[in-house]
Amino acid sequence: MRFQFKTGYDDDMGLFRDPVQRRWYGGLLAAVVLLPLVVPAYLTDISLVFIYGLCGLSLMVLAGYTGLVSLGHAAFLGIGAYAHVYFLQDLGLPWVAAVALAAAISAAVGVLVGLPALRMTGVYLTIATLAFALIIQEVFTRWEPVTHGLKGRPVDKPVIFGVSFASDGAFYFLCLAVLVGGLWLTANVLRAPTGRAWVAIRDSEIAAQSMGVHLARYKTMAFAYSAGLMGAAGALFAHKIGFLAPDIFSVLLSIQFLLMVVVGGLGSLHGAVYGAAFVAMLPVLISEARDLVPAWVGQAAAVLGKDAGAAAYLAVERFVKQPGLEPGIFGLILVLFILFEPLGIYGRWRKVQVFFSTFPLYKRATFRRQKTYMRSERLR
Amino acid sequence: MGCIYGLVALGFVLIYKATELVNFAQGDLLMLGAFVCYMFVVWYGIGYWVAFALAVGIVALFGAALDGTVLRRVIGQPQFAVVMLTIGLGAMFRSFASITWGSEIYTLPTPFSAKTTRLGGVSVSHEYVAIIVGTVVLCALLYAFFTYSRVGVAMQAASQNQLAAYYMGIPVKRMFSLIWAISAGVAAIAGVLLAPVSLIDINLGFIGLKAFAAAVLGGFGSIPGALVGGVTIGLIELFSGAYLPLGVKDVAAYVVLLLVLALRPQGMFGTVGRKKV
């Protein structure tokens, strides 16, 4: 185990725990910057990881830190994307201004949703955000002057201050820069009084209220902050997919975002990034597996005879080529994580860390959560 | 249509009433029910009524098994875990259905297809009569069950305080399995009744989203509320389709849902108290 001896307030206030940690993060940043040299083929996929990371960050603030679970975040992403493209291409604003306006509009809508949400708790809020997302999707379809409706609208490559970010490599660094900026901002907000108030609300609204946390103000702020981040992510997302259509921003996308924060680990910024990497890379893995798995099974079955091998190959190939398989795999992963690792990838990582740092003394009970048996809040 | 919303909402309400969980996979259970019934009627050529009973029985058993194997493990964890769990399960069901039955669209033949009755100058097709009668009967039965039968009262006890109910000798686990079975069965009934009116495909489950609106409007946790809410949502959709611009019809249910949640979260018949510490 390593102990930190803090000798001044500056040590306590630093963003990183100690110089060792700071060097680790520096190394990580260097690795990510050098990554395009190592895997040039996957650059677009990794840019998507960064954009999803921003989305995960946004939902993490709301669901993981404030405890308000939203099933409508795809709508904020869509608002950000459409607003950005509208300002950029129809009004001809500069890129930075368009992104800022997109984030601002998304945040404003977030406040609008957040205000009625103050009266709701738990599942009701989730249902309300779901309804909101469905309404917004219909708005995208019908508001043709801006969104071009079902025809969709193409998105140009980003040009910032006259510098074109059209190539995959340049766009990769753009996404990386925005993600790092978002992480830095969020990490700082979370250790400021605002973030502390959010966590207090998550853990117990009543306790937070009696400690002087203004519930309405902080919940609205959480909504606005989360929606604003999502709007910025939406602007990048618009450039990434290059073509906006209403059915992209469906409930399924919202569910993917939620999957992201759950798989990553609720209540940690690391988790948002892990989850984003997982969710963005999973389709890539699945499509690779689609090509590889039938061959493996065929070879394995070929031990029994040539016909068995060919038959197994065809059967497995037919199975994995089913279009409906992918959401099922997502669902399965979600279920497995909730059942066996509610703390997500980050939780697993923490457990491994603790196992090694306390080596012979690791106890499972360290991470065991207390079960609370339900008592109804409906009084009758 | 409103009655179908009511029926699906009934499923939500039952589970909420007994376990305070919200089942986001309800619509997908409905879809499974419709598909199973279709399979028996068309593929195996079994009579409609037998197939109906079989489908409801199978889906109900499936619901109980689901509770026993999966959902029981998350009791005592935050409500959010269950929401995510049922969303994941719903995605799995849809995927399973699309692999098993393909993504084609089917129609279910029934004994009362294409027959109509004239009722005070309005001709009503028998499929709709079946839906309405089925819903009202089912609703009355369930209401009576919860209010008068021993098991129903035990369920209410289990829903109000799990530990206390357990100390009183109520087999809480079995109650939960039973309630999941009933709720899944109700979903299957709704699916089979809906099948002749709408068509069967894997996206049938999305009706569950509108049923949410019905359940919330009626007040989560109230059986008659679910029915009234469902009918109200159905009527609102109908009128907004007739009198308001295009596209409003599809979102009317959600707008109502948001309004209800913002203005009167407990719904028409609901009871929501403030949490005591």
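In chain A, Thr194(A), Ala197(A), Trp198(A) and Ile201(A) of α9(A) meet Leu215(A), Tyr218(A), Lys219(A), Met221(A) and Ala222(A) of α11(A). A contact here is two residues with C-beta atoms, placed from the backbone, within 7 Å. Sorted by type, the residues of this contact are seven nonpolar, one polar and one charged. For the record, Ala, Val, Leu, Ile, Met, Phe, Trp, Tyr, Cys and Pro count as nonpolar, Asp, Glu, Lys and Arg as charged, and the others, Gly among them, as polar.

A quick word on the model: it's predicted, so local features need pLDDT of at least 70 and side-chain atom pairs count only at pLDDT 80 or more, while totals for chains, interfaces and linings use all residues. Residues are numbered from 1 along each chain as its sequence is written, and chains are lettered from A and ligands numbered from 1 in the order in which they are written.

Back to the helices (DSSP runs of H or I, at least four residues; strands are E runs of at least two; both numbered from the N terminus). The axes of α9(A), residues 193–203, and α11(A) come within 10 Å and cross at roughly 105°. Those axes are lines fitted to C-alpha atoms over the stretch in contact, with angles from 0 to 180 degrees between N-to-C directions. Since 65 to 115 degrees counts as roughly perpendicular, that's the label this pair gets.

## Lys219(A) up close

Lys219(A) sits in helix α11 of chain A, residues 215–241. It counts as buried because it has 24 C-beta neighbours inside 10 Å; the cut-off is 20 or more other C-beta atoms within 10 Å, with C-beta atoms placed from the backbone.

Leaving out residues up to four places away in sequence, Lys219(A) touches Thr66(A), Leu68(A), Gly114(A), Leu118(A) and Ile201(A). As for Ala310(A), 91 residues apart from Lys219(A) along the chain, the two C-alpha atoms are separated by 59 Å.

## Two domains in chain A

Chain A splits into domain 1 (43–283) and domain 2 (285–367), with bounds from an automatic or database domain assignment. Their C-alpha centres lie 29 Å apart, and 15 residues of domain 1 are in contact with 14 of domain 2.

On the domain 1 side, α12 (251–264) and α13 (269–301) each supply at least two residues. The largest share, eight residues, comes from α13(A). That side divides into nine nonpolar, six polar and no charged residues.

## Chain B in brief

Chain B has eleven helices and two strands. Of its 277 residues, 52% count as buried.

Methods: A residue is buried if 20 or more other C-beta atoms lie within 10 Å of its own, exposed if 12 or fewer, and partly exposed in between; C-beta atoms are placed from the backbone. Angles under 35 degrees count as roughly parallel, over 145 as roughly antiparallel, 65 to 115 as roughly perpendicular and the rest as oblique.
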